[in-house]
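Look over the model shown here.

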Amino acid sequence: MKVDFFIIGTQKSGTTNLAYLLSKSLHIITHPQLECTFFYNDNEYQKGLKYLQKTYFYHHKKITKSPTYYLLKSGAAYTHIDSIKRALDHNPDMKFLMIFRNPINRFISSYYMECARNVYHNTLEKTIDIALNNPASIEHKIFYRLGLYDYWLKQILPIIPIASREIFIFEDLYTNKEAHLLDFAKKYNLELSASAINGHEIKNSAKSFNNKGYQKLIVKLKNSIARPIIKSILPVPLWVNLTQVIENSNLIEPQDTPIVDENLKDRLREAYAQSILNFEKIIGVKTNWLNG
């Protein structure tokens, strides 16, 4: 098999949304798992393409049309140069679909996601203090630094040919799916109609959990040393379905969006200002991120 499209972008930037919407094309086959870590994970990559197909593209009920394209997505690849190199070794003509979200909103969204999962407990104000003042902290690495798009692009763009780059802006995807996706579909001869993408709500835009203790247990199980053993015993389709059922059983409709103090947003806006300007210059696109 040959992977044709590779979605890369950091946590809470819209990679899941983009993969979900593109999967509405009858020419696109993607994996049921939220993330494909084949090119990122050393152990997986060493197992070869048969492992990739067996683990991530093992079965498709969907009827596809010729030509058929394989699409995978991995947020981790965005900060992992070896993932990019391995993907290009696999297919030098692979197209990298990079999606970016206002880093200020991404920071806040990532913060609330970790709080909702019951794995993080500081206030937003304290989190910003730590993130901006302690470069060695988890808060800096996860909440703040992942939003320094110019820093990461300077590392990966020299590796990715210009003709292989496609840039998406989360805010455009969220507010106008049709305009953002149909030109892309036309460029690659994908059958993707306006009715197909407008008929589906954005997936995974927010998460809230019925029981935070239960969710914390799920996180522990995901990181347990027993996890790879269980995965090796259970058939892949059963493992994927089981994990999705366990996760979804605790999901509920999110509460009202928390109101964030504008002073805190201003602090993040100031911290990200130069990076945003650098990012706009690199990709040649003007955003509205510094205006709110």
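The structure, a predicted model, holds 26 aromatic pairs. Rings of Phe, Tyr and Trp (its six-membered ring) pair if their centres lie within 6.5 Å; planes under 30 degrees apart count as stacked, over 60 as edge-to-face and the rest as tilted. Take Phe-5 and Tyr-69. Their ring centres are 5.7 Å apart and their planes stand at 55°, so this pair is tilted. The pair joins distant parts of the chain: Phe-5 sits in strand β1 and Tyr-69 in strand β3 (residues 69-73), 64 residues apart. Helices (H or I, at least four residues) and strands (E, at least two) are DSSP runs, numbered from the N terminus.

Phe-38 and Tyr-45 make another pair. Here the centres are 5.6 Å apart and the planes are at 55°, so the pair is tilted. Buried means under 20%, exposed over 50%, partly exposed in between (1.4 Å probe, protein chains only).

| Residue | Relative accessible area | Class |
|---|---|---|
| Phe-5 | 2% | buried |
| Tyr-69 | 18% | buried |
| Phe-38 | 1% | buried |
| Tyr-45 | 27% | partly exposed |

Ring pairs also build a cluster. Its members are Tyr-78, Phe-100, Tyr-149, Tyr-151, Trp-152, Phe-279 and Trp-289. A charged side chain meets a ring at Phe-170: Arg-101 lies over the ring face, 4.6 Å from the ring centre. A charge sits over a ring if NZ of Lys or CZ of Arg is within 6 Å of the ring centre and within 35 degrees of the ring normal.

Two of the clustered rings, Tyr-149 and Trp-152, belong to helix α8 (residues 149-156). Which residues of α8 are buried? They are Tyr-149, Asp-150, Trp-152, Leu-153 and Ile-156. These residues cover an arc of only 165° around the axis, which puts them on the same side of α8. The arc is that of the directions from the helix axis to the C-beta atoms. An α-helix has 3.6 residues a turn, so residues three or four places apart point the same way. The cover over the buried residues of α8 includes β1 (3-8), α4 (81-90), β4 (95-100), α5 (103-116) and α15 (262-283).

Now the cores. A nonpolar core is a set of buried Ala, Val, Leu, Ile, Met, Phe, Trp, Tyr and Cys residues joined through side-chain atoms within 4.5 Å. The largest one has 50 residues, of which Phe-6, Ile-8, Phe-96 and Phe-107 touch the most other members. Helix α15 supplies the largest share of this core, six residues. Apart from it lies another core of 21 residues, including Phe-5, Leu-181, Tyr-188 and Leu-192.

What does Phe-6 touch, not counting residues up to four places away in sequence? Its partners are Phe-39, Leu-72, Lys-73, Ser-74, Ala-77, Ser-83, Ala-87, Met-94, Lys-95, Phe-96 and Leu-97. Contact means heavy atoms within 4.5 Å.

Ser-110 lies in helix α5. This serine is buried, with a relative accessible area of 0%. Neighbours within four places in sequence aside, Ser-110 is in contact with Gln-11, Lys-12, Ile-142 and Phe-143.

Lys-12 lies in the loop between β1 and α1 (15-22), and is buried at 18% relative accessible area. Asn-189 also has a positive phi, near 55°, and is a residue other than glycine. Asn-189 is found in the loop between α10 (177-187) and α11 (194-198).

Finally, the whole chain. The protein has 15 helices and seven strands. Of its 292 residues, 45% are buried. Among contacts with a separation of 6 or more, 76% are between residues 24 or more positions apart.

Residues are numbered from 1 along each chain as its sequence is written, and side-chain values use heavy atoms, with hydrogens and water left out. Because the model is predicted, local features need pLDDT of at least 70 and side-chain atom pairs count only at pLDDT 80 or more, while totals for chains, interfaces and linings use all residues.
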